Amino acid sequence: MTGEEGRVELRLTVDGAERTASIDPRSLLLDALRDELGAIAPKAGCRTGDCGACTVRVDGAIAKSCLRLAVADDGCEVRTTASMAVGGELTPLQQAFWDTNAFQCGFCLSGMLFAAEDLLERTPSPSETEVREAISGNLCRCTGYDAIVAAVLSCAAPPVRSSRGA
Amino acid sequence: MTTAVPPRLTGSPVRRQDGDVFVTGRAVYTADVRADGAAHVALVRSPHAHARIVAIDAAAARALPGVLAVVTGDEAAEHCEEIPHGLDAGHLGGHHAVVRPLAVGTALYAGEPVAAVVATNAADAALAAAAVEVTWERLPVVLDAEQALLPGAPLLYPDWGDNLIIERDVGPDDFTAAAADAAHVLEGELRTHRGTAAPMETRSYLADWDPAAGKMTVHATTQNPHVLRTVLAATLRLDEEAVHVIAPALGGSFGLKMYGNREDFIVPLLARMLGRPVRWVEERSATLLAGTREQVLRYRVAAAADGRLLALDVHAIADHGAAAPTHGWGMAHVGALATGLGYALPSCHVRYQVVATNKAPWVGTKPFGKDGATLLLERVVDRVAQVVGVHPAEVRRRNFVPPDSFPWLHTSGLELDSGDYATALDLTLKRLDHPAVLAEQRTARAAGRLLGIGLAFELMPESADIPGALVSAFDTSTVRMSPTGRVTVLTGVTSPGTGNETAIAQLVADELGVPMSSVQVVQGDTERCPYGFGNISSRSIITGGNAAVLAARDVAATLRATARAMLQVEPTEEVVLAGNAAALAADPSRVLPLAVVAGAVHTLSYRLALDVEPRLESTRTYRPGNVRQVPDALGRMQTYTTYPYAVHASVLEVDPETGSVTLLRHVVTHDCGTVVNPMFVDGQVTGGVAMGIGAALGEELVFDPDGVPLTTGFKTYLLPRAIDLPTVELEHLCTPAPGTPLGAKGVGESGFSGALAAVVNAVNDALAPHGAALESTPVSPPRILAALQAVGR
Amino acid sequence: MIPARFRHVAPADLGGCVAALAEGGRVLAGGTWVLPEMSRGESAPAQLVDLRRAGLAELTATADGLQMGAMCTYADLLGSGPVAEHAPLLRTMAGGITGGWALRNQATVGGAAMAARPQSDVPAALVACAAVARVAGPRGARDIPAAELFAGAMRPSLAPDEVLAGFRVPSAAGAGSGYVKLKRGGSSWPIATAAAVVRLDAVGLCTEATLVLGGVAAVPVRIDVSALLGRVVVDDDVRAVTAAVADALPEPWGDVLAPASYRAAVAAPVARRALSAAVADAEEERA
Ligand SMILES: Cc1cc2nc3c(=O)[nH]c(=O)nc-3n(C[C@H](O)[C@H](O)[C@H](O)COP(=O)(O)OP(=O)(O)OC[C@H]3O[C@@H](n4cnc5c(N)ncnc54)[C@H](O)[C@@H]3O)c2cc1C
Ligand code: FES
Ligand code: FES
C-alpha cells in the first residue's frame, strides 16, 4: 500500500479560502496545514502541546494544531497568523511585536500572537501578570518574554473609566 | 537648499528589517522549504547507552508500505569518509575519535543513530524505523565522569586505553607559592548539571542530489553554511563547489546548530544514495540529547585578610559524553581560559579533563563553557566574603581589574581590552536600591522568611580564534550598490534569528547615507555570500559588521570622488553622504541625489573621474588586531578579541517547607561597548538571563540508571515560562572596544552566566541563616529542601 | 504525523460510541494526551473512537448539584455559572491548568480522569468534590464514585470497552474550598496537590471536612480530617490533622521531576495550606 491509497478527503476553510485536500488520515491538523495545504505559519516545535508554536484558531478558538487530528476537524474554519493582517495591514498586535522587538527567531510567533490576541479579546486591559499567564502555554527561547509582555501591554485598551452617573 | 541630515541609524532602536514577514507567518524556515517528491528520513536510534551492534535485520522494515531504503551504519560508511573534526583533540595531545554519520559497530549512547530509513512520508519512515530489528549485545555503561576515570571503568574507545578525550593545563601551576602568605585557604567542590540549548526549532535538513550535474543542494538549519560545505564536501568525497548550502531562517540555535553534527551528513548522504530529494526534521526528544555544562569543579582558593584573591587552583572534570567531531569539548578549554577573568588574580591555574561517558556528546552551547567559570568564581567570591566578613559586593570591588589597568594580561593568556567593572557593580546596586533590599531582607529573616540576594559578575570573552579550529575571528562582507542606488550586503556571517542583518544594514546605511529601505542584507547562501564562518562566538557585528563598514567606506569613497567630479570641485573638497544624497560639506546647497551619483559611476565613467575605478562594490575582511597566536614563554595565547561583561543581582525567596523559589527581581548592568541597536542588545541580554535562570532552577537532562534519557520533552526538561520570570531590569554602560572601527563588543552570549551564578548565590544567601548550602546545580526545589533537611530543618 | 495506521470514527451518540468501542481501540476526547502518545509511537490503537460528536459536553445545574459531561473542557468549567456556584473547587483547579487557553479550550475533564495520571490535577479534585462517574458500556450503565475511579497509576477502574459519560457533582454551595498545587514552575506538571472542602454551620462549627491529596501517590489519597468535625477550627487544628499526612501515603509517587522523598516531605505543608484556605473560605461563606 503506497501513494494515494488510504487517503481521505479533508475540507477546511484555511485563512478564508475553502480548500480540499486528500490527506493521510494519520495527519495531525498541523501536518495537514503545513504539508498538504501550504499553510506554514504554524510551526512544529514539540508535537506534545507544550510550546505553542503550532497555534491556530479552529472555529474561532485558539488551539494547538499538534494536538488535533486533521480528519476530526473536517469542515472546520481554520485561521493561521498569515490571515491576521487584513488586506496587508498589520494588526496593532503584530505592529507592536515588530516595533518592540518581541521576537528574535520568530519560531514562537504563531503561539504568542494568538495567545495575546485571545487574551485581549477576553480581557482588553490585562495586568502584566495576566499577560504573563496568558502566554505561559507557549515557549520562547530567545526573548526572555519581557519584550513580548511589553508588546501585548502596549495594545491594551486604556482602563475602563466608570461611565457618567455610575 | 540644505539637506537635513537624518539621525544616525547606528545606535538607534531600528526595528527588524523583515519583521513584517515574521509577524505575518511568511518567514521560511528549513522545514518550510517546499520540495515536491521529497522522501522522508527517520533514524533508528540505540535504545541502549552502550551496546555492540551484532546484526541489523531490515527485511521487515523494507517490506513496509512507502519504504524506499534502509541504510545501516556499515553501508553508510562505505559511501563517505569519517566526519572531519572542528577542533580535533587528537591534534592537541588528546585522543582522536573516528565518528561517522551513523554508528558503526558499537552504539556509545542511548539515542545514537545506527540506521536510517527513507520512506515516501514521515509517518511511514517512523513506522519502518521501529520495525528495524537490531540485535544488541549490551556492554557495561559508565555515566559519571569521575567513575570513567577510574582504572577498570568500561571503555568507550577500547584502543584509547582510558576514557580521557583530552586533558590540559591552563595558567601557571604555582598555587602553593602564591598562597604562601594567604590569610585564608578554602577548598571546595562545585557540581554543575547537564543542560541543553533547546531552541524552539529542531534541526532539519533538505538535501537534493542532481546526479547529472553532480551537484548537492542542501537546505540546513546551520549557523555556518560555508564551513558546513567544506566538511560536507570532504565527507561525501565531493569538490566544494559541488555542494551548495543554503541556511533559511533559523528558529534559534544557541550553538546547537554549529556545523559538524552527524545529522549534517546523514541527510545529504541519503539523498545521494537514493538520487532524490530527502528531508528530515528532528524529533524534539533528539534535540534534547545534546549536552553541555556537566562538570565537577574542585578548587582551592587563597585570599588575603581583606578578601583579595591571591591564588586559585581548579581541577575541572568535564562529563562530555561520547566523543564528537564538533567543538563541544572546547567548552572545557574556554571555561579554563575564562576562569578568574576580570579579577586581578595573581595566580590562577586550571587543569581540565574532558571525559567520555555513555551519554550523547556535548554540543557547543551558549555561553560556551564560560558559564561554569562564572559560576565557580562567583561562588568562590561569596565564600571568601563570608570567611573574611566583608560584603560580597565589596569583595568583588576589591578584586576587579581596575579601569586604568587595560590591557590586562590574565594568567590564562587572554588579554582584557577595556571595561569598568566597579561602575557596573555600582549601577546594579543602585538600580536594586541595595540598602532597601538589605533592610527588607533583615525584616524577612526576622519573620523566618528565606529571602536571598545574589550578585554575580560575568565576563564573556567573545569572537574567538582558536588555532586549528575550522572557524576564525575574522569575517568578510561585500557591499554592492546598483546604478539606482540600491545596496546589497553579502556577508559571511549568519543570523540565528537575532536580527544582526538589520544591525549590519544600519551600519552600511549610515556609511552610505542611504535609508534602511535601500539596503538588503544577504546571508546564509554559499553561492551568493563570501566565504565566512557564520554565526559563532558572538562575533557577527564585530566581524561581519566591521567588514561591511570597511567595504561600505570603499564604496562611499567612489561615490564621493564621483560626486566631486560631477560638482566640479577639488579632490580635497569634503563630500557628505546623507539623506540619500551627496552634498558638499562646505556648501550643502550643492547636492546630488545618491542615485544620480551611483548612476553616473556606471554610465559616465569616462567623462567624470578617470582616476576612479568605476566599481560600486567592495569586499573586505575584518580581522581584529588583538589576537596573538604565537605562544608566549608560558605557552599562552590571546585568542579572543572582545570582552563584554555584566553585573547581575538576583533577589528571590525560598519557601522553607517546599524548597520552591520565587524570583522577585533580576537587575543587570551590561557593557558591550558601542551599541549598534539597543533594542537588539536588550533582547539578547534578556533572553540570556531567562536561559541562565532556567539552567539555575530547573532545566536538567536526567538519565535512568542505564543511561536512557528521561527528559525527552518539555514536560520534563523544564524551560522557563513567562510566569516564572521577573521583568529583567537593565542598566547600560559603554566602554568602547579600543582599536576597532566600531567599538562594539559581542553580546550574543551575555546574560546567561551571570544570571545562573546570581540565582545560585541568592539561593545560598537565602539558606545561609540556617547554615544550609547548595554547591551543586540545579538549585531545584527537591535539592533545596534536601539541603535544608540536611541541616535539620 | 502519527506513525501507525488507525481508523477514526466519531459516532453521533453515546450508544454509538459504546458500540464502536466494542470493536476495540481507544477513546479520543480532547486528544491532548492520547495524540502526543500516538505521535511518539507509544500507543498504536487500531481505532480511535472520537467522542466529539456524541454530545457529552453538557454542564448544567441540577436539583442537588451539577451534571457535567465527560467532554466538558477546562474552559467550559471556567466559563460556567453553575460550576462557580456549586463546585468552586473545580473552577479553581481549572484556572491553574497549564498549557494556556489553547489547551483549556480542548482538554477535557473526562480525558484527564481517564488518563488517571498521578501527576494530574483532576483526579484528586473529583474525589474531594465527591463526584460520581456515570459510565456506559456493553453491559449497561453504572455509577462509580470518584474515590473508586482510580485503580492505579494510569489505570482507571473502567473496563477497556466502557466509556465515561460524565459526572454528577453534589453541590458545595455554602461550603468553603481550598486548592493548592505545588509544581516546579510553569512548565511542570503537578508535584503535589491538595483539595479541601469545609462546611461550617451557623455558629461556626465544622459540619463537613474533606481533604484529598494528589500527585503524591499513584492514586488520590483521602486524609482523615474527621477530628475537625463539631469544632470551631483554628490553625492548630489544621496543623494537627495535616502534620502526619505523609504517613497516610502507602507508597509516595516519584518521577523525573521530584523523587518520592520530596513528595512525602511536601505533602504536609501542601495539605495544610489547602485546608486553611478552605476554612478561611468557609468562614467567608458563613459571614
Ligand atoms: C500542554 C499541556 C498541559 C497540560 N497541563 C495539565 C495540567 O496543568 N494539569 C493536569 O492535570 N493535566 C494537564 N495536562 C494533561 C492532560 O492532557 C489534560 O489534563 C487533559 O485534560 C486530558 O484530556 P483530553 O480530553 O485531552 O484527553 P485525551 O487525550 O483525549 O484522552 C486521555 C485518555 O483518556 C481516555 N479517555 C478520554 N475520555 C474518555 C472517556 N470519556 N471515556 C473513557 N476513556 C476516555 C483516552 O482514551 C486516553 O487514554 C496537560 C497536557 C498538555 C498537553
Ligand atoms: S508543536 Fe504544538 S505545542 Fe509545540
Ligand atoms: S523568538 Fe525565538 S522562540 Fe521566540
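**Ground rules.** I'm working with a predicted model, where local features need pLDDT of at least 70, side-chain atom pairs count only at pLDDT 80 or more, and totals for chains, interfaces and linings use all residues. Residues are numbered from 1 along each chain as its sequence is written, chains are lettered from A and ligands numbered from 1 in the order in which they are written, and side-chain values use heavy atoms, leaving out hydrogens and water.

**Cysteines.** How many disulfides are there over all chains? I searched the whole structure and got zero; a disulfide would be a pair of cysteine sulfur atoms within 2.5 Å. I checked C:Cys206: the closest cysteine sulfur sits in C:Cys129, 16 Å away, so that is too far for a bond. C:Cys206 is also buried at 3% relative accessibility (buried means under 20% relative accessible area, with a 1.4 Å probe and protein chains only). I looked at A:Cys51 too, and it is buried, at 2%.

**Chain C against chain B.** I found 23 residues of chain C and 29 residues of chain B in the contact (heavy atoms within 4.5 Å). Together they bury about 2,000 Å², with 62% of it on carbon and sulfur atoms; that is accessible area (1.4 Å probe) lost on being put together, summed over both.

Which charged pairs join them? I counted four salt bridges between chain C and chain B (a side-chain nitrogen of Lys or Arg within 4 Å of a carboxyl oxygen of Asp or Glu). One of them pairs C:Arg273 with B:Asp655, at 2.8 Å from N to O.

Notes: Buried < 20%, exposed > 50% of the residue type's maximum accessible area, 1.4 Å probe, protein only. Buried area = accessible area lost by both parts, 1.4 Å probe.
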